[in-house]
Amino acid sequence: INVGVMTSAASEMGINHTTQRADALAWRGDLDAARHAADKGFAGLERRSDAHCHGWLAMVAMRIEADAAGAATASRHLDAIEQAQLRGETILDGWNAVVAQLHSVHPLAIAHSRACEAEMARLRGEGVADAAIAAADEFDAISMPYYATYFRWRAAEAAFAANDRRTGIPLLEQARGVARLHGFAGLDAAITSLARSHQLRIGPGKTTVDGDVPLSVRELEVLRLIVDGKSNPEIAEILCISAHTARAHVSNILRKLDTPTRVEAASAAVRGGLV
């Protein structure tokens, strides 16, 4: 029995190590080696079925194919784009088959599914921002800030590509704040690079003042408008929300920043680098 347990643990450890290697290689841009590592991980899963390992590996493998499709699109290699799409569809079908066999779907499996869907959206170039935001929200719900930040970065990237700065800027601000709070150096560098490529100054990347309650993406949008001197009705019109919702956001911002007035909230935001 002890030998069996050790073998099982070693197998899971091996698959997780391979997944980490594939992810690291993808960050380095060595997509051929990343694919090889991912394929090795899937081969391991054929000998040991594990939903957690499979979900994580599927998410990383989908990221690799989306990166490959992006690189192939930039170089106009149609065969490479088709290859990435076919591999992505195979990976996603395999993960969906695993989920379909689960007696109950754990929130982590749901997050992995949203992640795979977000990367497939990026691979296809359709609905990327919305899919990435949905994935980020699922990882936030289970307190996994690294992947929530990764997908907010991807959502911001897609928003800027669509010339939607109103969506992209607060997403990027929140992603940078969380990346710096947790020391996600690689993500911080990617976020900073994206900001520079669009000539953005997003401040020191904070979503809180003095470690208080973090502001949501929408609250950061509202706060920026407060700093611009907009009234509640103007904020409601600009953001296409009701006046009641605008008032509620402003009240939450004043509470979180511990400021009694809009003027003081604006001042605190500027001093604290929130805008």
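Aspartate 67 and arginine 63 both lie in helix H3, 4 residues apart, or about one turn of the helix; helices (H or I, at least four residues) and strands (E, at least two) are DSSP runs, numbered from the N terminus. The side chains of the two residues meet in a salt bridge with an N to O distance of 2.6 Å, a salt bridge being a side-chain nitrogen of Lys or Arg within 4 Å of a carboxyl oxygen of Asp or Glu. Both aspartate 67 and arginine 63 are buried, where buried denotes under 20% relative accessible area, exposed over 50%, and partly exposed the range in between (1.4 Å probe, protein chains only).

The structure is a predicted model, in which local features need pLDDT of at least 70 and side-chain atom pairs count only at pLDDT 80 or more, while totals for chains, interfaces and linings use all residues. Residues are numbered from 1 along each chain as its sequence is written, and side-chain values use heavy atoms, with hydrogens and water left out.

The protein chain contains 13 helices and 0 strands, and the pattern read along the sequence is α-α-α-α-α-α-α-α-α-α-α-α-α. Along its principal axes, the C-alpha trace spans about 65 × 50 × 30 Å. Of the 275 residues in the protein chain, 48% are buried. Contact is defined as heavy atoms within 4.5 Å; among contacts with a separation of 6 or more, 62% are accounted for by residues 24 or more positions apart. The accessible surface comes to about 14100 Å², and carbon and sulfur atoms hold 53% of this area. Accessible areas come from the Shrake-Rupley method with a 1.4 Å probe, and for residues only the protein chains shown count as cover.

The count of salt bridges comes to 18. A network of salt bridges links Asp23, Arg63 and Asp67 with Glu119, Arg122, Arg154 and Glu157.

A further salt bridge joins the side chains of glutamate 221 and arginine 218 (2.8 Å, N to O). These residues are 3 apart in helix H10 (residues 217–227), and so are separated by about one helical turn. Glutamate 221 is buried, with a relative accessible area of 13%, whereas arginine 218 counts as partly exposed at 30% relative accessibility.

Rolling a probe the size of a water molecule over the atoms shows where empty space is left. On a 1 Å grid over the protein atoms alone, a cavity is a set of points where a 1.4 Å probe fits but cannot get out, and a pocket is an open set with protein on both sides within 12 Å along at least five of seven lines; lining residues have an atom within 4 Å of a point. Grid points are joined across faces, edges and corners, and a volume is the space filled by probe spheres set on the points. The count comes to 1 cavity of 30 Å³ or more. The largest cavity holds about 80 Å³ of space and is lined by Asp23, Trp27, Met59, Val60, Arg63, Glu119, Tyr146, Tyr147 and Tyr150. Two or more residues of this lining are given by each of H1, H3 and helix H7 (145–161). By class, the lining has 6 nonpolar, no polar and 3 charged residues; Ala, Val, Leu, Ile, Met, Phe, Trp, Tyr, Cys and Pro count as nonpolar, Asp, Glu, Lys and Arg as charged, and the others, Gly among them, as polar.

The second largest pocket contains about 170 Å³ of space. Its lining consists of Asp39, Phe42, Leu45, Glu46, His54, Ala61, Arg87, Thr90, Ile91, Gly94 and Trp95. H2, H3 and helix H4 (78–100) are the elements that give two or more residues to this lining, and H4 provides the largest share, 5 residues. The lining divides into 5 nonpolar, 3 polar and 3 charged residues.

Arginine 35 is placed in helix H2 (residues 31–47) and counts as buried at 11% relative accessibility. Leaving aside residues up to four places away in sequence, arginine 35 touches Ile64, Glu65, Ala68, Gln83, Ala84 and Arg87. Arg87 is also one of the residues that line the second largest pocket.
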